[in-house]
Every structure is written in structure tokens, then in C-alpha cells.
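These are my notebook entries on a single protein chain. I looked up its cavity, its disulfide, its cores and a few individual residues.

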Amino acid sequence: MNRTTLSLIAGTAALAAVTGFATLNEPAAPGGDGTAKAAAVLPVERTSLLCPAPSTSDIAETTYTSFTPVTKGTGSDGTAELTAATEDTGEDDASNGDGDKNKDENKNKDEKKTDKTEKAEKPVVTPKAPGTPATGDTSGGDSPALVGTAEGRSAPGWTVQETTEVAAGTGRGLQGVTCTPADTEFWFPGVSTAADRTDYVHLTNPDDSAAVADIELYGKDGAVKTTVGEGITVPPNSSEPILLSTLTDEKQEDLTVHVNVRSGRVGASVQALDDKLGGDWLASATDPSSSLVIPGIPADATAVRLVAFAPGDTDADLKVQLASPTGPITPAGHETLHVKAGMTAAVDLGDVTRGEAGSLVLTPTGTSTPVVAAVRVLRGKGSGQESAFIPATGPVAARASAADNTAKGSTLSLTAPKGTAKVKVTASAGSEGGTAVSKTYTIRSGTTENVELPVPEGLKGTFALTVEPLGATPVYAARTLAADKEGVRGFTIQTLPDDRGTVEVPAADEDVAVLQK
């Protein structure tokens, strides 16, 4: 092997260990037998997460929960921290010709920035060693977005849950989101500019240089003309909430948002707030695909609305099925969904789960055409209704975790649409005490089960759940948190895509061995 190849392998292995994204298959050596070497699976060495600003409500109460599962092969050292994404440009308060008016505006902005900076001086949560969750709280409407970094043994599978309770007003109820890595493209089917909705796209830039992003909207008739959706600048180390109704005058119940980052990278989440139906966060849907799974629809859902978008030039015809505890079911009257190219389609499925666990499985009826999809779920009736969102998600390839669980307020939903699967679920030690415990479940092909959760022995505080498939059969997972207060069935749902805590790198190379020391 020549020196150039050695350098390439070393560089790729280093990138893989840090990001979890890089892989490299070493070419066969000249004159060799061509047999590929087995790849070594190593834990990633660095993970970054971004948490959006939780709420603008003065009565909001937010809890952050940090958790890293125990991973074999890590060293003894590791750190994790969350800091405020607060821009500090160093610019003065020049009036730019607008006199006292501009000075007053700058003064108000500075006061708000000072409030957020003061609130962020102390870490909102101090992560603990792998295997034990750590929690922290904030209150009010001036809590900033957070930028998190974990290294060493704290990096593989690191997850942070942001959960907010709002007692009254627009978006009242329980709002939850899993903090996400930065990326360059995001899809959000299910947003709205209807009169009773207030939807924000939160863009958070973790880097020291500005990011530039475009926000595109697609409705029932195709692309929606926007006024300022192109070239949105997100300053370094800061977060920008973009109110969708300021991008267009059109009022549409069902829209799809596409965030495309031209320069740099950002974290993106949508906060969807309703005047009457509460609100929640809508996480980015998985990449466009001809087959999708939307796991974890609550058994007591009173209304389910499916929203899908076809980003290409070809219409999509989707077969709609519900993976129930007994097997696949086709919703009566909603056997298929036609999605026109470049347009958003929506359909009300009603109380499709009818008191049982369920997950939606979308597959092509003919030609495979990539789509993105999500559902809005309602629980309760009348004035006691609240909403949550579930985007289509990827399978748990090796492992995924969800933090901030309680013994009575959490539901874990597992589905295996393509074959029978065995799944190991571990309940971590509690944030204030307790001993971890694991349990193995068998999920039959084409079914969804809300499994009976293992609970840590001697539990004090909250705990994390870690899901690990014991085989190659695809498994999809979602976790529901519930907190009923004053007749309102507050709830929030997070999917559990793979945590990408490990990466394959070429084995039996000296360069890789050095990285493992």
C-alpha cells in the first residue's frame, strides 16, 4: 500500500471517529487475493447537538435532560456541556441615521440580549457519566437556544430532551423536542399558516461564521410565493425563530417547509402553536423515500391527520396501512393517498387506532416515488384537546435513546413492519438514584406494540430508555410523554432514529490502531 492510501485511510478514520458519518472500504492490495478486510466498529469521539429556544411564554417551565448510554470501547475520559447560542457581535449602537428611534430599538434589543445572557451564565444542565441522566430547569420566555458538545466517552449516543409545560394561552400543554445535530437540509410536512396557528421555524447556527438558508413553502397547489424566504442569514453562534406567517400572505392549513442551507449549517425545528389545540414541536422528517414509517400513534388518539409531499417531478400513489397489535390494517375509505408532484396532500384518518397501539406504514402502489410525511395527532375532546406531531423516521439500526421518562407518564411504541424482531430495552439509572434494568421483547411482523416499560430498581427522578434491536430486522420506535393537568391531556411524542454512536472504519491498519489508543 502506498503512502497516499495510508494517509487517506488515516484521515477518513479520524473524520469517522469524530462525526460518525465517514466510511471507507480499503481497496485490495496489488497482487492480493481481493478479500475485503472486516471493518472495525468504533465509538464516535465527538457529538454536537442544538436545542431551540423553548418558549416565549412568561409562564413556560422547561426541563432539559441529558443522557449518554454506556458504550463499549470508549476510554475513561469524557465531557459534555450545553451553552447558550447568544450572538455577541461587538458592534456599537450606531443609529445609522434614524436618530433616537433606532437608539431606543437598540436599547430594547440589548436589554433582551442581556436577559438571555444572564440566564445562560450558569449551565442549564451539567451532564453526568454515561448511564445516568442529568436534569436542569429554566422558566419564562427568555431562555435561549443551546449549543451542546460531547467528547470522549460522553459522545456516543448522547441525547438531550427539551420538555416545556405551558399552563395557558396559545400552545398551552406539553411541548417536547429532541435536540438535533446541525445539517444542511430539512423537511417539515404538517406546518400551517391558518388563522389559528402560529408556527415558527427555529434555525440555530453553532459555528463561528454566518449561515445562509432558504425556506421554501409548498401547499396544495404547489410552491407558495414567499416575500423573504430566500437568503435568510443566521449570525454566528445564534438562533433565529422565523414566523411562517411573515413569509407569505396565504392562509393554508397544510404546508410543507423545506429548509435548504446555502452556506454553513444549522439545526432546524418547527414550533407549531394552536389557539385552541395546544401545540408541540415538529421535528424534521426523514429524507424523501418511497416507503415510510410513522411510529407511535397513541391508542387513544381522537383524530389523526396525515400530510405528505412529493418533492420530485413525479406524482406519488401511496398505500396507507396501520400496523396494529394484531397486524396490518387498511383504514376504511383511506386505502391510498395520491400526492401530486411538488404539492402537499393531506387526509383526515379520524380515530384510526381505535384504542390500540398503531403506526402508519406508507408504501408505493406502483412506481416508487420519494415523499416526505408526518401526522398531527389529537387527544381529548372539546376544550380539553391537545395536539402533537410525529414525522416519518428512520429505523433504529443499532441503538437509540429517549430521556426524561417517568414510570407512569411514558409510553414506548415499537413496530416491525418487515419481519419479526427481538428488541432489548434498557431503563437507565434514575437521575437521582436507582439501578438500571433491561428487558427483551419480541415484536411480530407487521405489528406495533406499546411495551410494558422496565422501571429502574429504586427509581428516583427520571430515567432514559435505550432501544437496541437484536438482529437485522428493521425496528422503528417512538416515545410518548403525558402529563394531564386541569382536564387537558398534555402530551408530546418523539421518534427514536438511530443514535449513530458508532462508525465502521478499516480494520487491521496501523493508522487506525493509533486512533484507538
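**Entry 1, cavity.** I looked up which strands supply the lining of the largest cavity: β2 (46-51), β10 (197-205) and β16 (267-274) each give at least two residues. I take helices (H or I, at least four residues) and strands (E, at least two) as DSSP runs, numbered from the N terminus. β16 contributes three residues, the largest share of this lining. The lining residues are Leu50, Cys51, Pro52, Thr180, His202, Thr204, Gly267, Ala268 and Ser269. I sorted the lining by class and found four nonpolar, five polar and no charged residues. Here Ala, Val, Leu, Ile, Met, Phe, Trp, Tyr, Cys and Pro count as nonpolar, Asp, Glu, Lys and Arg as charged, and the others, Gly among them, as polar.

The largest cavity holds about 40 Å³ of space, and the count of cavities of 30 Å³ or more comes to one. A cavity is a set of points, on a 1 Å grid over the protein atoms alone, where a 1.4 Å probe fits but cannot get out; lining residues have an atom within 4 Å of a point. Grid points are joined across faces, edges and corners, and the volume is the space filled by probe spheres set on the points.

The model is predicted: local features need pLDDT of at least 70 and side-chain atom pairs count only at pLDDT 80 or more, while totals for chains, interfaces and linings use all residues. Residues are numbered from 1 along each chain as its sequence is written, and side-chain values use heavy atoms, with hydrogens and water left out.

I found one disulfide in the structure (a pair of cysteine sulfur atoms within 2.5 Å). Cys51 and Cys179 form the bond, with their sulfur atoms 2.0 Å apart. The S-S torsion of Cys51 and Cys179 is about 110°, so the disulfide is right-handed. Because Cys51 lies in strand β2 and Cys179 in the loop between β8 (173-178) and β9 (185-191), the pair ties together parts that are 128 residues apart in sequence. Cys51 and Cys179 are both buried; buried means under 20% relative accessible area, exposed over 50%, and partly exposed in between (1.4 Å probe, protein chains only).

I noted 30 residues in the largest nonpolar core, where Ile294, Leu306, Leu337, Val339, Leu360 and Val375 have the most contacts inside it. Such a core is a set of buried Ala, Val, Leu, Ile, Met, Phe, Trp, Tyr and Cys residues joined through side-chain atoms within 4.5 Å. Apart from this core lies another, of 26 residues, including Ala213, Ile232, Leu247 and Val261. Over the chain of 517 residues, buried residues make up 50%. I counted three helices and 37 strands in the chain. Of the contacts (heavy atoms within 4.5 Å) between residues at least 6 apart in sequence, 81% join residues at least 24 apart.

Which residues did I find with a positive phi although not glycine? Arg354 has a phi of about 50°, and Asp404 has one of about 70°. Most residues other than glycine have a negative phi. Arg354 sits in the loop between β23 (344-350) and β24 and is exposed, with a relative accessible area of 67%. Asp404 lies in strand β27 (residues 400-405) and counts as buried at 11% relative accessibility.

Definitions and conventions. On a 1 Å grid over the protein atoms alone, a cavity is a set of points where a 1.4 Å probe fits but cannot get out, and a pocket is an open set with protein on both sides within 12 Å along at least five of seven lines; lining residues have an atom within 4 Å of a point.
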